[in-house]
Amino acid sequence: MEKIIIVCIALIAFSSCSHRIVRTGYETTKSNYTNCEVIIKKHFNVPDTLATKVGDIQLKDNGMSSGCSEEDALKILMGEACAIGADLIVIRDETRPDFLSSCYRCYADLYK
């Protein structure tokens with residue numbers, strides 16, 4: 001019985017309702033999110049003369065996650081971009097939900 005309780009506590013501790021966000025090159029929080037217009041492109045090469053990279057973001061699975069669809073991920077990406085004043089999001093790698101994870105996962109670069 002004690003082992004079952006420990007397993008249940010561990011499952012609750014490692015469960016989450018959203019993506020795990022890994023930021024590189026900038027810092028912000030969800031409280032900084034604003035509404036703005038941001039262009040989202042997938043697998044797009046951005047010339048240095050066109051825009052300046054201001055950071056990158058990785059959205060990962062957070063263990064036993066729910067509420068981590070592609071739509072949820074795009075909302076997070078938009079919020080992050082707006083919070084730091086980015087105008088362009090380039091998703092350079094994405095992994096769709098599969099038998100290992102029910103989450104949409106991606107790496108994206110943020111540009112001004």
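Is C106 buried or exposed? C106 has a relative accessible area of 2%, so C106 is buried. Buried means under 20% relative accessible area, exposed means over 50%, and partly exposed lies in between (1.4 Å probe, protein chains only).

Before you go on, note that this is a predicted model: local features need pLDDT of at least 70, side-chain atom pairs count only at pLDDT 80 or more, and totals for chains, interfaces and linings use all residues. Residues are numbered from 1 along each chain as its sequence is written, and side-chain values use heavy atoms, with hydrogens and water left out.

**Exercise 1. Find the largest nonpolar core and say which elements build it.**

Step 1: Start with the rule. A nonpolar core is a set of buried Ala, Val, Leu, Ile, Met, Phe, Trp, Tyr and Cys residues joined through side-chain atoms within 4.5 Å.

Step 2: Look for the centre of the set. The largest core has 17 residues, and those with the most contacts inside it are L59, L77, I89, I91 and L110.

Step 3: Assign elements. At least two core residues each come from β4 (53–60), α2 (70–84), β6 (88–95) and β7 (105–111). Helix α2 gives the largest share, six residues. Helices (H or I, at least four residues) and strands (E, at least two) are DSSP runs, numbered from the N terminus.

Step 4: Another one, of five residues, lies apart from the first, and V46, A51, L88 and Y111 are among its members.

Step 5: Link this to a general idea. In soluble globular proteins, nonpolar side chains tend to be buried together.

**Exercise 2. List the contacts of I89.**

Contact means heavy atoms within 4.5 Å. Leave aside the neighbours within four places in sequence; I89 is then in contact with V38, I39, I40, K41, L77, M78, A81, A108, D109 and L110.

**Exercise 3. Find the disulfides and describe each one.**

Step 1: Recall the bond. A disulfide is a covalent bond between the sulfur atoms of two cysteines. Here, a pair of cysteine sulfur atoms within 2.5 Å counts as one, and the count comes to two.

Step 2: Take C36 and C82, joined with an S to S distance of 1.8 Å. The link is left-handed, with -95 degrees about the S-S bond. C36 lies in the loop between β2 (20–24) and β3 (39–42) and C82 in helix α2, so the pair ties together parts 46 residues apart in sequence. C36 is partly exposed at 31% relative accessible area, while C82 is buried at 11%.

Step 3: Take C68 and C103, also joined at an S to S distance of 1.8 Å. The torsion about their S-S bond is about -85 degrees, so this disulfide is left-handed. C68 sits in the loop between β5 (64–65) and α2, and C103 in the loop between β6 and β7, 35 residues apart. Both C68 and C103 are buried.

Step 4: Write the pattern. With the bonded cysteines numbered in sequence order, the pairing is 1-3, 2-4.

**Exercise 4. Describe the surroundings of D56.**

Step 1: D56 is in strand β4 and is buried, with a relative accessible area of 15%.

Step 2: List what D56 touches. Not counting residues up to four places away in sequence, these are V22, R23, T24, Y26, R92, A108 and D109.

**Exercise 5. Describe H43.**

H43 lies in the loop between β3 and β4. At 55% relative accessibility, H43 counts as exposed. Its phi is near 50 degrees, a positive value in a residue other than glycine.
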